[in-house]
Amino acid sequence: MAQSAYAGPASVIYSPIVEYREWEFELKSGVQDWGNRDEGERAAKLAVGYGVAPRWGVEVEAEYSQTPGHVAHVEEFEFENIFQLTEHGEHWLDAGIFAELEHNRLENMNTAVLGPMFQTETGHTQTNLNIYLKRRLSALPEGDEAGEEDGGARNEVVYQAQWKYNLDPRFQPGLQSFGSLGDPAHLHSQELKIGPALFGVTSLGNGRNLRYNAALMGGLTRGTPDTTFRMQLEYEFY
């Protein structure tokens, strides 16, 4: 079976800002359409990140997933890099580059992800937009001849967007959205989900922070799960 085209329930939206020498321990999890035997999924990711250089951060993570009627299993390993291109706050727009290698151990499939990241802050608001090109480096599994038509195209353009209002550091309401435009040779709205989100951060002293965000999103295209709930919990320290 080809990889699903849609963003998984444990997907997150990254910032182009790198915190030099900061460690991050993260739990990312979510569930989508669990009552749908064909499309339902719940997943969790455990990740460790570190600010290697003033403008370079890395993260390694393992994804644990389950579909209705099947046992849970470790599905994927990911190695992520964020390269910060601009000095934070120096210009009206902060920019970076995201680069990732994924290995799906169940399908023995490798994928590369590369693209620009943008962030702007105005008054009490922050807006992010990331646009990635995903390229499948491996052939589709044997017996999946229909994969190209069912979302297994070798190349895919995906995007992530979020907006939040800094009402209080511990409580910031906003919106999150994930989408796919499919094969760049035939762009169309293959996936789009959007919904309300909450963000927050609490200082634990001595450079330690506990950060969270969560969103409940509805699907707006036929190729998108009807309902997705996702959350991220992050412990940061130097």
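Phe 98 lies in strand β5, which covers residues 94-104. The model is predicted. Is Phe 98 buried or exposed? Phe 98 has a relative accessible area of 3%, so it counts as buried. The cut-off for buried is under 20%.

What surrounds Phe 98? Set aside its neighbours within four places in sequence. Phe 98 is then in contact with Tyr 14, Glu 80, Asn 81, Ile 82, Val 113, Leu 114, Gly 115, Met 117 and Tyr 132. Take Glu 80 from that list. Along the chain, Glu 80 and Phe 98 are 18 residues apart. Their C-alpha atoms are separated by 7.4 Å.

Now move to strand β8, residues 155-165, where Lys 164 lies. Lys 164 is buried, yet it has no salt bridge. Which side chain of opposite charge is nearest? That is Glu 121, 8.2 Å away. A salt bridge needs a side-chain nitrogen within 4 Å of a carboxyl oxygen. Lys 164 does have a polar partner: its side chain joins that of Gln 172 in a polar contact of 3.4 Å. Not counting residues up to four places away in sequence, Lys 164 touches Gln 172 along with His 124, Thr 125, Gln 126, Pro 173, Gly 174 and Phe 199.

The last stop is Leu 137. This residue lies in the loop between β7 (125-136) and β8. Its relative accessibility is 48%, so Leu 137 counts as partly exposed.

Key. Residues are numbered from 1 along each chain as its sequence is written. This is a predicted model: local features need pLDDT of at least 70, side-chain atom pairs count only at pLDDT 80 or more; totals for chains, interfaces and linings use all residues. Side-chain values use heavy atoms; hydrogens and water are left out. Helices (H or I, at least four residues) and strands (E, at least two) are DSSP runs, numbered from the N terminus. Buried means under 20% relative accessible area, exposed over 50%, partly exposed in between (1.4 Å probe, protein chains only). Lys and Arg count as positive and Asp and Glu as negative; His and the chain ends are not counted. A polar contact is a pair of N or O atoms within 3.5 Å; within protein, one must be able to donate a hydrogen and the other to accept it, and residues adjacent in sequence count only if both atoms are side-chain atoms. Contact means heavy atoms within 4.5 Å.
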